[in-house]
Amino acid sequence: MKDSDLSHTGAQNGKKALIESNRKLRTLVSNLPGVVYRCLNDSERTIEFISEGCFELSGYKSDQFYDPDPIKWADIIHQDDKEKVYAKLQLALSEKQQFHLNYRIVDAEGNIRWVSEHGMGIADKGGPITRMEGFIEDITRQKEVEEVLKSRNRALNVAEKGIVISDAKMERFPIVYVNEAFERITGYSRQEVFGKNCDFLQNGDKKQQGIKIVRAALRNGEACKVVVRNYKKDGTLFWNELSITPVRNDNGELTHFIAVQNDITERKKQEWFKDSKNSILEMIVAHEPLEDIALKIVELLENSLNDSYVAILMAEEEMRNLKILAAPKLPSDFVSALNGIVIDPKSCSCGIAAYVKKEILVADMAKENSWREHKAFPFRDDLKACWSFPMLTHSNENLGALSVYSKKVKTPSSEEKKLIKEAAQLASLAIEQNNVRTELRNSRDQLKFYAQELEKTVEKRTVDLSLTVTRLEALNTDLETQIQERKIAEERAKTSEAIFSLIAQNFPKGAIILINKEMEIVYIEGTALMHIRKQKKPFERININDLENFSKKRKAIIKDHVRATLEGTHLSFEIIYRRRNYMVNSTPLRDRGNGITHALMVFHDISEHKKAEQNIRIALKKEQELNDLKSRFISTASHEFRTPLSVILSSATLIERQNETGKEEARLKHTNRIKSNVQNLVVILNDFLSLGKLEEGAITPGYQWFDLLVLSEAILAEMEVNKKVGQTFEIITSAQDIQVFLDPKLMRHILNNLLSNAVKYSDENQPVILRIEKDQESVSIEIIDQGIGIPKEEQQNLFQRFFRAKNSLNIHGTGLGLHIVKQYTELMGGNIRVKSEEGKGSTFRVTFPVSNKN
């Protein structure tokens, strides 16, 4: 074969190889899941070549980019991204670097898609870059996933509770994620805890029952909820309400544990403070020693305040000085210096507080003249501030001072002041009751002494009279001697009676009554029972039956007590007379022959003591009512939040699993469920916030003119997502424009609540009607449904807090909505009425004045 023939054959083989290579390249490019392109480096990015994948990406065929009037790539770039994309391209090309861009395009059907473009510039034989080549792929789904992840991360980071995720497939379950709340609660950064087991938060305190429960749950792959003691990075103890939930994949394999932390330290402190306060009140009621009660109050306050010592200083009887009642942790030399502090405006802050009967707060004792000049100064370096609060009786009389000595230069916070005031009130109550009890005991001892002296006087008088009679009989023949002896006896009797009368008249807070066998009041004296004393004239007797303003029943009771005493029984009982409480002690009086002749009844006024006991009972009752309300609030809130959150979680999980093409309708259904339940949560939160503001009196209407019809239509549009299948909304009104002068925010809350109830308590395929009527003076709104209705016997309680009708207990609700609606309606001068029949529906009618300008 000739050389020319060989050369011709080689050329043909090379051409075939090139054709085959180009065919394979075109096949590869056509099957790539994206777009391969070549375009000019102009502002329009004119296409010279584009692969068939452009149709799937943009909806435009490749031929449309080659037409005489072709589509330019810049034409389909989103208007908001054009300038940014062009600027980044030119920057990369000017630096002769490859470029990587993410931007949006608008496809042939008007849909927005995210694309990722990789490419490089091509220069003409070392000259300027005139063309670009690259690859473009669809990243819309990736962007959607990124947005979902970003939203989830943002949601986790703004959560108030700490969230921890650990890997259940690795040994000791290392931490793989914590949110910002965890860092704030524990003081540890996420870098410090990644890869660790959560048991480092126990700081050696591992012998807790809750820890055993957690370990068992982790070992068995189960959920649990416990309260445990944890420790922050700085060693501070905090109480952690911990909820652990296992996470499994589609195959049922355990992959992770999610732990939710809730710092309940303040709640624990408050519970402990209330329990301790109740314990102290029980000690006071049980009349336990004052010193023990004072030590308990000091312990309560020192455990509630940080870095502080507490002293209770009690006023002495002369009200001139303060003596230490309890100060267990203060240095002994400082206690000695405090003991006996003068109650005076020139004293230290303790004595000043007791004198002026107001709180005295010294942030820095070293800078306060009253402390610098005191004999206790200079004192120990760990005592910086002194906060003194007066202790007063219910009638504002001085009892002493309660002082808190802080290790820091500061004034107390509002919460600390509240705790100190409560402790001071407890101490005041204990001291006042102790004083009353001491005074009562002293009065009883004094009364006993008076009775003994009276018996001695009577006995002496009897003896004197006997001697006088004997002398009169012996000296019967001497009349002058008899008269003289008689005068002597009379003088002695008068003296004895004067002494007895003087004692009885000055009997403190009470009275002494002497009654004979004929039920006659022979003698009555004392500072009390003035009404009875005025009825008895001097040297006369008055029968119990003749007492004025005494019922027959009360007279019979008094006579029963007198009879029992005359029969030899010592009695002790309480009575109420003219709104005063008296403790009565009765004693039989005997003659020389040991026969009982009179009943001595001693009345002691214990009204102030009774009032103190009543105040304690009222305080205990209010505390119980507060605890009951709190329990109902927590029970209702936890139940009402749990159901929407469960629905949101399940819907989010289903959305995550149904991410394939073609399941858009299913995802939309679950998205609507999430929106609906989020809206329910917002309503519940608004109800609780509104209730708190209403009780504080913090809500006042903000009146303005607005169109009620427009507001109603907007609310109905927002509630479309809450409707059940087949439910419809209808507005009935004869007006095109309904202008009212009311608060639109309060009105929105009223309509939203009543319409939500109508939807919630109605079945599917039932209408909800909103009828609006207006005249010159008022506007009326009716919300009509055909739902379950309200039992007639329960309608009177419908607007009370937390009330739920018996036929609605299986439907979620807080029992606050209608209560708040009624409050808001009345705030704007309106009224609300309901007409309902069980099983046939309800009609709520609210009426307002059109204008509240006056």
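This is a predicted model: local features need pLDDT of at least 70, side-chain atom pairs count only at pLDDT 80 or more; totals for chains, interfaces and linings use all residues.
Reader: Hi! In what order do the 6 strands of the open sheet come?
Author: They run β19-β18-β17-β22-β21-β20, with antiparallel pairing. Strands (E, at least two residues) and helices (H or I, at least four) are DSSP runs numbered from the N terminus, and two strands pair if DSSP finds at least two bridges between them.

Reader: Thanks! Which strands stand at the edges of that sheet?
Author: Those are β19 (542-543) and β20 (571-577). Each has a single partner strand, so one of its sides has no neighbour in the sheet.

Reader: Over how many bridges do β18 and β19 pair?
Author: β18 and β19 pair over 2 bridges, in the antiparallel sense. There, E520 stands opposite N543 in β19. Helix α17 (residues 552-566) packs on the sheet and touches β17, β20, β21 (580-590) and β22 (596-605). Contact here is heavy atoms within 4.5 Å.

Reader: New topic: how many salt bridges does the structure hold?
Author: It holds 28. A salt bridge is a side-chain nitrogen of Lys or Arg within 4 Å of a carboxyl oxygen of Asp or Glu. One of them joins E117 to R45, with the closest N and O atoms 2.4 Å apart.

Reader: Where do E117 and R45 lie?
Author: E117 is in strand β4 (residues 112-123), and R45 is in the loop between β1 (35-40) and β2 (47-50). The pair links distant parts of the chain, 72 residues apart.

Reader: Are E117 and R45 buried or exposed?
Author: Both E117 and R45 are buried. Buried means under 20% relative accessible area, exposed over 50%, and partly exposed in between (1.4 Å probe, protein chains only).

Reader: What about D307, which residue does its side chain meet in a salt bridge?
Author: D307 meets K408, at 3.8 Å from N to O. D307 sits in the loop between α10 (290-304) and β11 (308-315), and K408 in the loop between β16 (398-406) and α14 (414-474), so the pair ties together parts that are 101 residues apart in sequence. D307 is partly exposed at 36% relative accessible area, and K408 is partly exposed at 46%.

Reader: Which other residues are linked by salt bridges?
Author: R38, E48, R131 and E133 are linked in a network of them. E720 also forms one with K723, its closest N and O atoms being 2.9 Å apart. E720 is partly exposed, at 40% relative accessibility, and so is K723, at 24%.

Reader: Last one: what is the phi of M519?
Author: Phi of M519 is near 65°, a positive value in a residue other than glycine. M519 lies in the loop between β17 (510-516) and β18 (520-526) and is buried, at 9% relative accessible area. N396 has a positive phi too, near 70°; N396 is in the loop between β15 (385-392) and β16 and is partly exposed, at 42%.

Key
Residues are numbered from 1 along each chain as its sequence is written. Side-chain values use heavy atoms; hydrogens and water are left out. Axes are lines fitted to C-alpha atoms, for helices over the stretch in contact, and angles run from 0 to 180 degrees between N-to-C directions.
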